[in-house]
Amino acid sequence: MNIHKDIDGLFITATGTEIGKTVVAAGIAASLRYAGINVGVMKPISSGDTSDAEYLKHVSQVDDPLNLINPISLRYPLAPSVAARLEKKEIDFGRIETAYFELNKKYDFMIVEGVGGVAVPINDDLFVTDLIQHLNLPILIVALSGLGTINHTVLTVEYARQHNIEIKGIVLNQKYADTTGLAEQTNPDEIERLTHVPIVGNVPNDELLACTYPNLQYVTELFNHHIYWNKLHL
């Protein structure tokens, strides 16, 4: 597995919230580290608690302080613009930028997990797309694998393209599906046909991934098996 020198990292976004961004971001980071790549992780903004950042830190095996991995932590599990308003806070892009570039100097490749989807408002004027552009990273979209995902995924792809954001691929996550039905079987080809974006992974439903501190070897082996690295050109 090789990383092109002109790519600083990958921004993990999703078609919505609670889709599985954290598990996918952590799994990819763990796999890259296992392949010998010096990879760092970041969750610039969290809403509700810091559990996503803690999961990323554990699975990726980095030793950075949590407030560097997650420089903006908001109390309420809401869109950042709303959560910050309720706390009477302003989200400082400068803090995010400082944290990112400090980590980026330390690591050869960064995995950055977003908050919600690409159109989530960060403050009154800026959206997640602005954060992606600010960090100058390509994106990987995480989508659910089952019925309804085609609409959400196509809309996410088109919104990202309208903002001139490079899309590296789509990972389908079977978070709520215990079995693979007809929708799960046919969605990958239909999404690729409609978006012209490759499906670069299909992560199975697995309760061992959902625990707070999953087994690192298990996560790495699972993602090495279910991420199609030959299609995810990094």
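# Exercises on a predicted model

Glu158 and Arg161 both belong to helix H7 (residues 149–162), where they stand 3 residues apart, about one turn of the helix. The model examined in these exercises is predicted.

## Exercise 1. A salt bridge within a helix

Determine what links the side chains of Glu158 and Arg161, and classify the accessibility of each residue.

Solution. 
1. An α-helix has 3.6 residues a turn, so residues three or four places apart point the same way.
2. Glu158 forms a salt bridge with Arg161, and the closest N and O atoms are 3.5 Å apart.
3. Glu158 is partly exposed, with a relative accessible area of 34%. Arg161 is likewise partly exposed, at 34% relative accessibility.
4. Helix H7 also holds Thr156, which counts as buried at 7% relative accessibility. The C-alpha atoms of Thr156 and Gln185 are 21 Å apart in space, and the two residues are 29 residues apart in sequence.

## Exercise 2. Other salt bridges

State how many salt bridges the model contains, and describe the pairs Glu192 with Lys231 and Lys89 with Glu87.

Solution. 
1. The count comes to 11 salt bridges.
2. Between the side chains of Glu192 and Lys231 there is a salt bridge with an N to O distance of 3.0 Å. Glu192 lies in helix H8 (residues 182–195) and Lys231 in the segment after helix H10 (216–226), so this pair ties together parts that are 39 residues apart in sequence.
3. Glu192 is partly exposed at 25% relative accessibility, and Lys231 is partly exposed at 28%.
4. Lys89 and Glu87 meet through their side chains in a salt bridge of 3.3 Å, N to O. Here Lys89 is partly exposed at 42% relative accessibility, whereas Glu87 is buried, with a relative accessible area of 15%.
5. A network of salt bridges links Lys43, Asp52 and Glu113. Glu113 is found in strand S5 (residues 109–113) and counts as buried at 1% relative accessibility.

## Exercise 3. Helix H1

Compare the span of helix H1 with its expected value, and decide whether H1 is largely enclosed or open.

Solution. 
1. H1 (residues 21–34) has 14 residues. From its first C-alpha to its last it reaches 20 Å, close to the 20 Å expected at 1.5 Å a residue.
2. Of the 14 residues of H1, 11 are buried, so the helix is largely enclosed by the rest of the structure. Among the buried residues are Lys21, Thr22, Val24, Ile28 and Leu32.
3. After H1 comes Gly36, which has a positive phi near 95 degrees.

## Exercise 4. The largest pocket

Give the volume of the largest pocket, and identify which element gives the most to its lining.

Solution. 
1. The volume of the largest pocket is about 800 Å³.
2. The lining comprises 34 residues, of which Glu18, Gly20, Thr22, Asp52 and Lys175 are the closest to the centre of the pocket.
3. At least two lining residues come from each of H1, strand S3 (45–47), helix H2 (51–60) and helix H9 (207–210).
4. H2 gives the most to this lining, with 4 residues.

## Exercise 5. Positive phi and a surface patch

Locate Asn136 and His196, describe their phi angles, and then characterise the patch formed by Leu78, Val82 and Leu86.

Solution. 
1. Most residues other than glycine have a negative phi.
2. Asn136 is not a glycine, yet its phi is positive, about 60 degrees. Asn136 is found in the loop between helix H6 (128–135) and strand S6 (139–144), and it counts as exposed at 65% relative accessibility.
3. His196 has a positive phi near 60 degrees. This residue lies in the loop between H8 and strand S8 (199–203) and is exposed, with a relative accessible area of 67%.
4. On the surface, Leu78, Val82 and Leu86 form a nonpolar patch with about 230 Å² of accessible area together. Val82, found in helix H4 (residues 80–86), is partly exposed, with a relative accessible area of 31%.

Key. Residues numbered from 1 in each chain as written. Predicted model: local features only at pLDDT ≥ 70, side-chain atom pairs only at ≥ 80, totals over all residues. Heavy atoms only, no water. Expected span 1.5 Å × (residues − 1). Buried < 20%, exposed > 50% of the residue type's maximum accessible area, 1.4 Å probe, protein only. Patch = residues over 30% accessible without salt bridge, like charges linked within 9 Å, V, L, I, M, F, W, Y side chains within 5 Å. Areas by Shrake-Rupley, 256 points an atom, 1.4 Å probe, with all protein chains shown as cover. Salt bridge = Lys/Arg side-chain N within 4 Å of Asp/Glu carboxyl O. 1 Å grid on protein atoms, 1.4 Å probe; cavity = no way out; pocket = protein on both sides within 12 Å on 5 of 7 lines; lining within 4 Å. Points joined across faces, edges and corners; volume = space filled by probe spheres on them.
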